[in-house]
Amino acid sequence: MADIIVMRVGATREQIDRVVQRLHELGLRAHLSEGVERAIIGVIGVGAPLLKVRDVVEMLPGVEDLVSITKPYKLASREFQSHNTIVQIGAVEIGGSELVVIAGPCSVESEEQTLATAHAVRAAGAKILRGGAFKPRTSPYSFRGLGVKGLQILARARAETGLPFVTEVMSPEDVGMVTEYADMLQIGARNMHNFNLLEEAGKSGKPVLLKRGMAATIEEWLLSAEYVMAQGNRQVVLCERGIRTFETQATRNTMDISAIPVAKRLTHLPVIADPSHGTGKWYLVQPLSLAAVAAGSDGLIIEVHPSPDQALSDGIQSLTFDNFRTLMERVRQLATVVPRPQPLAVS
Ligand code: PEP
Ligand code: MN
């Protein structure tokens with residue numbers, strides 16, 4: 001049973017029959033239970049039509065409420081799969097026993113900048129390189145990335161360091177091209193609701209890093225993961241990167257640490273944290289990284305730049321090589337006392 005329809009007190013026999021008939025028309029079965037005061041109808045069935053039940057049933061006369069007892073996302077839910085999914089990026093596994101750190105510049109600016117950063121983050125213990133070649137910028141006049149040239153630089157950095165890389169893809173038309181180079185596709189916060197892009201990323205067969213939209217509920221975020229998974233691609237990693245609140249100055253976004261254990265409870269997919277975008281301040285990246293690890297994050301994604309003051313994007317939140325090394329030491333210390341994977345709470 002997936003949903004329960006609660007009829008109004010005094011709903012007529014015709015009204016109840018009409019609800020049951022509409023459910024049958026949707027290919028669902030109804031389990032009617034008539035109490036002293038009111039009738040309750042259990043909806044029995046599987047698959048997509050359940051998503052339509054609310055739309056159809058809520059407007060029928062005599063219906064008081066519809067209560068969902070299963071999640072609107074299916075493939076992504078823990079009800080569907082109880083064990084944790086492990087996502088494979090080259091030789092690296094996210095969601096297993098190791099905490100995985102992804103690091104690199106916000107944007108690929110030059111070969112020199114990207115290679116220097118790749119070597120530095122690898123030496124400090126990062127397992128995956130990040131770097132944007134196609135950049136979603138709030139202003140059209142800001143640096144918007146090197147495009148294909150950026151992908152080629154990332155591929156060179158991979159060849160030199162052995163680190164697989166994740167990079168953002170912004171439009172469905174670019175998925176094929178980015179897939180030729182990247183080991184993992186990033187869907188950015190601003191594109192979390194771009195359903196055509198999610199489907200193309202699903203068809204690409206590449207692992208997908210799905211950022212949470214800055215105004216997205218956790219359910220919406222998981223439904224976006226469902227779009228990718230519905231295309232047959234189960235390799236999705238969720239990334240909490242801060243949400244928009246009334247705070248605009250002290251922090252760029254409000255890092256929702258609670259989203260990490262909440263998502264881990266609702267889904268079997270790995271969940272990582274991005275304290276760079278989550279806070280927008282370089283000096284907050286380390287404390288929020290530690291908080292995310294303590295909360296059960298499967299990994300971190302951190303922006304690092306050879307000279308943050310000269311960065312073409314997100315310099316304020318980027319770590320120097322030295323600060324990244326220190327962060328990695330602290331994270332490693334903490335990781336020794338936080339069990340991985342973190343056992344789920346049972347009541
Ligand atoms: C990024 O990773 O550089 C980025 C733009 O992230 P987000 O989509 O989370 O803002
Ligand atoms: Mn950035």
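# Ligand 1 and the manganese site

In this predicted model, the side chain of Gln186 places an N or O atom 2.9 Å from an oxygen atom of ligand 1. This is a polar contact (N or O atoms within 3.5 Å). Arg130 and Arg241 also reach ligand 1 oxygen atoms with polar side-chain atoms.

| Side chain | Distance to an oxygen atom of ligand 1 |
|---|---|
| Gln186 | 2.9 Å |
| Arg130 | 2.8 Å |
| Arg241 | 2.7 Å |

On its own, ligand 1 has 290 Å² of accessible area (Shrake-Rupley, 1.4 Å probe). The protein covers 97% of that area.

Ligand 2 is a manganese ion. Which protein atoms hold the manganese ion as donors? They are Cys106 (SG), His277 (NE2), Glu303 (OE) and Asp314 (OD), at 2.0 to 2.4 Å. A donor is an N, O or S atom within 2.8 Å of the metal (3.2 Å for Na, K and Ca); water is absent from the atoms, so a site may look incomplete. Along the chain, the spacing of the donors reads C-x170-H-x25-E-x10-D. Cys106 sits in the loop between strand S7 (100-104) and helix H3 (111-124), and His277 in helix H9 (residues 275-279), so this pair links parts 171 residues apart in sequence. Helices (at least four residues) and strands (at least two) are DSSP runs.

Most residues other than glycine have a negative phi, and most peptide bonds are trans. Asp314 lies in the loop between strand S14 (299-303) and H11.

Pro341 falls in the segment after helix H11 (321-335).

Residues count from 1 along each chain as its sequence is written, while chains are lettered from A and ligands numbered from 1 in written order. Local features need pLDDT of at least 70 and side-chain atom pairs 80 or more, totals for chains, interfaces and linings use all residues, and side-chain values use heavy atoms, without hydrogens or water.

Conventions:
A polar contact is a pair of N or O atoms within 3.5 Å; within protein, one must be able to donate a hydrogen and the other to accept it, and residues adjacent in sequence count only if both atoms are side-chain atoms.
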